[in-house]
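Have a look at the structure first, then read on.

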Amino acid sequence: MGIGAFKDLTQSRQFFLEPSHPKQRQYEALRAYFVESKPSNRVAAEFGYSPGAFRVLCHEFRRNPHPSFFASSRRGPPARSRKATARNRIIELRKKNHSVYEISEILKDGGIRLSPTAVRQILHEEGFAPLPRRLDDERPEYPRPTIEPVADVRAFSLAPCRFTTRFGGLFLFIPDLIQLNIDHLAASAHLPGSRMIPAAHALRACLSLKLWSIERKSHIMSLVSDEGLALFAGLNVSPKKSYFSEYSSPIQSETALRILALWHEQLQGDSLLAGNSFDLDFHSVPYYGEHPVVERHYVSARSRRQPSILVFLAHDADGRAFCYSNANIRKGEEAEEIFRFIAFWKKTHGKLPAHLVFDSRLTTLANLARLDGMGITFITLRRRSPSMLKEISQLPASAWRRITLEVPTRKFQTPKVYEQKIQIHGKLFRQLYVQDLGHDQPTILLTNDSQSHVKLITRYAQRMLVENAISDAVRFFHMDALSSAVGLKVDFDMALLVMASGLYRRLARRMRGYRDAQARQLFRDIVDSPATIAITEGEIFVQFHRRAHLPIILASDLINKPVSVPWWSNYSLYLTA
């Protein structure tokens, strides 16, 4: 009810007896207690307070020197908005034919932050029409995007010069690229190329993204102006993201497989692919989109099924490098992929793989009998079915045998083992129950290997290396960053992963103390090194800047040893410090 409204006596009496405003209610309650001497419980009940709350109200009132019940704040004059403050200035600048962006910058320099949208709104209210679009040379000078030259090998020049690059560590891979004859690999695999970017140059440019841990093709745009990245590939400038996005389009699955075969051919006799034992596994590369070709697979990182590309990977246990990959797998073909790898290995090396280690989901029991018939030894993990767990729980303590694993760094070194013979599809296998291996439930191994319990369990425990390698590939080589939704493009990406993995393992063997280091640690300490490059007549010097791990590079066999580089017109490369 307003102050000027007419009130009768009853309404006037209710204004004091039934106050509606909180401050007035406090005033009437305190007056009833202190002036009329009413009991506090009665006053609290009449005015809607709890007894405790009213006692607190009285306590605060007695200690407040200036209690306020009916004071009302008076609003000051309204502050002028930034639009109103700058309106006259905006009109003045528009009359001088300044654009909304220029007006916004001028106001910002004067301490008034007003967006171009707000400036445009004020000009529209004042009746100003938009300015006609101006040419670039008619606009005022301000920082603009630079237009980089087009990658063209015909414009590649080795004229004497000197520059600094952040990609100095990439040149550590050049001796291995020459030794492995990467140019021959690109030509023999029939990789696509052009007169501007030949196949070998394109392969080196694509490989540089993997070696430098560039997650997505678009991220190359912040690096294309670096002269060192272009020099590594043998081009005048680095290709742009549009080139990398489209380059793999014509590459079929057979081409990716041919790249892997040629890679193995170049590594013949290298301990990187010893071939004594392999770890096999699947990995689902998630795809966040909609595409009719992409099927749903189980993604362990998400613990669910979602659209993804299923990739089969083979990892050499001794060389600790990936040696095979295939992303051209459809649902229902998973169990046969192990035999595709066997066929690939036999074709490239002339013999069957000697030993395979994998999980139970990789293939079927019937295929285990096929492997045994081919003379291939294997170790696989069996699923813990309720019947098996019940059988294990009923075994007497005397049936178990305590062994000691020859792994000094392992926490659980003395597991218990029980072995039995089982027949699967007409073949006799060894089945091992293992307890006290660091798991809540027993581990069940199935094998046709005649080695001792200690060697079998130790070898299967080493299978963790492939899981670590996949984790390293996901985090450093960005295995989960799909370049495309189509599987055949992922095939090429996986082939690059195999090559980059091998190159990092070869580099690790050159660096003292880094033989077993993962790629991301090697990159962080060794490869991620800026350098100053000096091109002279017939020689190119890459001088690494001083860093904490520079002595590791100096102690390697790469420093001060000239290497003739074919794609640099046989200029000699010198790595110095």
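What covers the buried residues of α6? The cover includes α5 (82-94) and α7 (116-125). Before the rest, some ground rules: this is a predicted model, where local features need pLDDT of at least 70 and side-chain atom pairs count only at pLDDT 80 or more, while totals for chains, interfaces and linings use all residues. Residues are numbered from 1 along each chain as its sequence is written, and side-chain values use heavy atoms, with hydrogens and water left out.

**Helix α6**

- Helices here are DSSP runs (H or I, at least four residues), as are strands (E, at least two), and they're numbered from the N terminus.
- In α6 (residues 100-109), the buried residues are Val-100, Glu-102, Ile-103, Ser-104 and Leu-107.
- Buried means under 20% relative accessible area, against over 50% for exposed and partly exposed in between (1.4 Å probe, protein chains only).
- An α-helix has 3.6 residues a turn, so residues three or four places apart point the same way.
- Just after α6, Gly-111 takes a positive phi of about 95 degrees.

**Aromatic pairs**

- The structure holds 30 aromatic pairs; rings of Phe, Tyr and Trp (its six-membered ring) pair if their centres lie within 6.5 Å, with planes under 30 degrees apart counted as stacked, over 60 as edge-to-face and the rest as tilted.
- One of them is the tilted pair Phe-312 and Phe-341, at 6.5 Å centre to centre and 45 degrees between the planes.
- Phe-312 sits in strand β4 (residues 304-316) and Phe-341 in helix α14 (residues 337-349), so this pair ties together parts that are 29 residues apart in sequence. Phe-312 and Phe-341 are both buried.
- Phe-476 and Tyr-504 make an edge-to-face pair, 5.3 Å centre to centre with 80 degrees between the planes.
- Phe-476 is in the loop between α18 (464-475) and α19 (487-510), and Tyr-504 is in α19, so the pair ties together parts that are 28 residues apart in sequence.
- Phe-476 counts as buried at 3% relative accessibility, and Tyr-504 does at 1%.
- Ring pairs also link Phe-476 and Tyr-504 into a cluster with Phe-167, Phe-173, Trp-212, Phe-477 and Phe-523.

**Charges over rings**

- Arg-204 puts its charged end over the ring of Trp-567, 4.1 Å from the ring centre; the test is NZ of Lys or CZ of Arg within 6 Å of the ring centre and within 35 degrees of the ring normal.
- The charged end of Arg-370 sits over the ring of Phe-339, 3.7 Å from its centre.

**Packing around α14**

- α13 (residues 253-266) and α14 pack at an angle of about 45 degrees, with axes 10 Å apart. Axes are lines fitted to C-alpha atoms, for helices over the stretch in contact, and angles run from 0 to 180 degrees between N-to-C directions.
- That angle makes α13 oblique to α14 (under 35 degrees is roughly parallel, over 145 roughly antiparallel, 65 to 115 roughly perpendicular, and the rest oblique).
- Contact (heavy atoms within 4.5 Å) is made by Leu-257, Leu-260, Ala-261 and His-264 of α13 and Phe-344, Trp-345, Thr-348 and His-349 of α14.
- Leaving out residues up to four places away in sequence, His-349 touches His-264 and Gln-268.
- The axes of α14 and α15 (residues 365-373) come within 11 Å and cross at roughly 20 degrees, and the two helices are therefore roughly parallel to each other.
- Ile-338, Phe-339 and Ile-342 of α14 meet Asn-367, Arg-370 and Leu-371 of α15 in that contact.
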